[in-house]
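Trainee: Hi! I'm new to this one, could you walk me through it?

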Amino acid sequence: MDTLSARDQRVIWHPYTQMETAPAPIGMVRGEGALLFDEEGQEYIDATSSWWVNIHGHAHPHIANKIAEQAKLLPHCIFAGYTHAPAVELAERMLPILPGQQDRVFYSDNGSTAVEVALKMAIQYFENTGAPRKKLLAFEGAYHGDTFGAMSVSARSVFTRAFDQYLFDVIFLPLPTAENINTLVAQVQDTGSDMAAFIFEPLLLGSGGMLMYEAGLFDQLLQACKAQGILLIADEILTGFGRTGKNFAMENVPTAPDMVCLSKGLTGGNMALGITTCTKAIFDAFLSQDKLKTLFHGHSFTANPIACAAALASLDIFLDPACAANRARVAAKHAAFAQVLRRQANVKNIRQTGTIIAFEITTTNVDGYTNNLADHLHRFFRAKRVMLRPLGNTLYILAPYVITDEQLERVYTAIVECLEGLQ
Ligand SMILES: *Cc1c(COP(=O)(O)O)cnc(C)c1O
């Protein structure tokens, strides 16, 4: 029998992958904590949490057991006209811990769909209240997903180029700085009355390059939006569940969001699930004898019971003080590593929020064959069996909270070796 890797290359089309030039994928068979094992039994450290989703480690026994129990009881059920315990219990437990007065949970099955639902809710909210608003606001460099609505509110980039003419218009604001904040606030005041919603990744633009911005300035912008009745959509798909230190990034600002989007860490990275929450005011605007005021949106796997059971199990672990202790431990290790990085010549913009540390590599010409730094980095870390996936020349660590000190040291050592090799 051929390897997984060889068989894959005959039948699979991978995401974000130029299939002509990409190296053969590594066949993975097993995970445990922050480690993954390939088909030859070799061990890898998952330093990107398998695309930012895994927070408690792979194959966590508590989550695995709850998934298995639910699979034997009720694996799936239509969610219009019917309901089930995992969906109800998850909503009951999530609403009180979310930022703002979140009143209702709308389920979908991934981050992009959670964003689509929020955009539709915002637009139809104004439609339903008889005062339609046409425009949407987002940050330059934002990333909110790969479906068309989510792409529209995301930065135009090489990822969207083929589709740009099909994307709807959005007003993009630069990240707030001490220099531009007054201009941003004035801009919001000028266009506010036709603006339905502002969608943002609070304090951390993930795919945009792990860009971090300041909470106080951000709050000024949020307050300006609030004053204009612009709905605030917090895309906490990456920042939710402790990534930035607090449970949710919006806990760092006094202004409350009207909607929150969650996915990624929601099930501990075990099952596909998305959540969009909203306030009572938004929910109430859809209540009517008029069928046209209904939110006509749903997915076959909306509120999948196994996914909800995984989310409940993940929440048990997340709310245990041991999880906060792990996050603090990882954050402290990263802070110490930042000091090591500061001594490197080819590194700039070292920054950290909670369990995420990021920096730019300034070396551009890598070796004799290629000056593509990203390709070089991919190859280097693959060979070291450290799973890191740089965004261009931005390197970041975003590991499951259970990564051990010793495993973190191995990641740091690989990075330092890489940087020294580039000098
Ligand atoms: C990953 C991500 C999304 C999209 O989620 P998918 O589940 O990949 O569709 C949206 N917003 C943010 C901030 C993300 O990081």
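**A walk through the model**

Mentor: Let's begin with Asn 349, which sits in strand S13, residues 347-353. Keep in mind that this is a predicted model.

Trainee: Thanks! What is the phi of Asn 349 like, positive or negative?
Mentor: Positive, at about 55°, although Asn 349 is not a glycine. Most residues other than glycine have a negative phi.

Trainee: And is Asn 349 buried or exposed, or partly exposed?
Mentor: Asn 349 counts as partly exposed, because its relative accessibility is 47% and that class lies between 20% and 50%.

Trainee: Changing topic: which residues are around the ligand?
Mentor: Among them are Trp 52, Asn 110, Gly 111, Ser 112, Tyr 143, Glu 201, Asp 235 and Lys 264.

Trainee: How far is the ligand from the side chain of Ser 112?
Mentor: An N or O atom in the Ser 112 side chain is 2.6 Å from an oxygen atom of the ligand. For Asp 235, a side-chain N or O atom is 2.7 Å from a ligand nitrogen atom. With Gly 111 the backbone takes part: one of its polar backbone atoms is 2.8 Å from an oxygen atom of the ligand.

Trainee: How much of the ligand's accessible area does the protein cover?
Mentor: The protein covers 83% of the 380 Å² that the ligand has on its own.

Trainee: What does UniProt list as "binding site"?
Mentor: An unreviewed UniProt entry lists Gly 111, Ser 112, Asp 235, His 299 and Ser 300 under that name. These residues do not all gather at one spot, because the farthest two C-alpha atoms are 22.8 Å apart. The lining of the second largest pocket includes His 299 and Ser 300.

Trainee: Where is Gly 111, and what is it in contact with?
Mentor: Gly 111 belongs to helix H5, residues 111-128. Leaving aside neighbours within four places in sequence, Gly 111 is in contact with Ile 237 and Ser 263. At 13% relative accessibility, Gly 111 counts as buried.

Trainee: And Ser 300, buried or exposed?
Mentor: Ser 300 counts as exposed, at 65% relative accessibility. Ser 300 is in the loop between helix H9 (280-284) and helix H10 (305-319).

Trainee: Which residues does the "binding site" annotation with Trp 51 cover?
Mentor: That annotation, from an unreviewed UniProt entry, covers Trp 51, Tyr 143, Lys 264, Gly 298 and Arg 389. They span 339 residues in sequence, and the farthest two C-alpha atoms are 32.6 Å apart, so they do not all gather at one spot.

Trainee: What does Trp 51 touch?
Mentor: Not counting residues up to four places away in sequence, Trp 51 touches Pro 15, Tyr 16, Lys 264 and Arg 389. Trp 51 is in helix H2 (residues 49-52) and is partly exposed, with a relative accessible area of 38%.

Trainee: Last one: which side chain does the Tyr 143 side chain make a polar contact with?
Mentor: The partner is the side chain of Tyr 16, at 3.2 Å. Tyr 143 is found in the loop between strand S5 (135-139) and helix H6 (148-152), and at 24% relative accessibility Tyr 143 counts as partly exposed.

Key:
Residues numbered from 1 in each chain as written. Predicted model: local features only at pLDDT ≥ 70, side-chain atom pairs only at ≥ 80, totals over all residues. Heavy atoms only, no water. UniProt positions renumbered as here; feature names shortened; annotations may be inferred. 1 Å grid on protein atoms, 1.4 Å probe; cavity = no way out; pocket = protein on both sides within 12 Å on 5 of 7 lines; lining within 4 Å. Helix = DSSP H or I, 4+ residues; strand = E, 2+ residues; numbered from the N terminus. Buried < 20%, exposed > 50% of the residue type's maximum accessible area, 1.4 Å probe, protein only. Contact = heavy atoms within 4.5 Å. Near = heavy atom within 4 Å. Polar contact = N/O pair within 3.5 Å; in protein donor to acceptor, adjacent residues only side chain to side chain. Areas by Shrake-Rupley, 256 points an atom, 1.4 Å probe, with all protein chains shown as cover.
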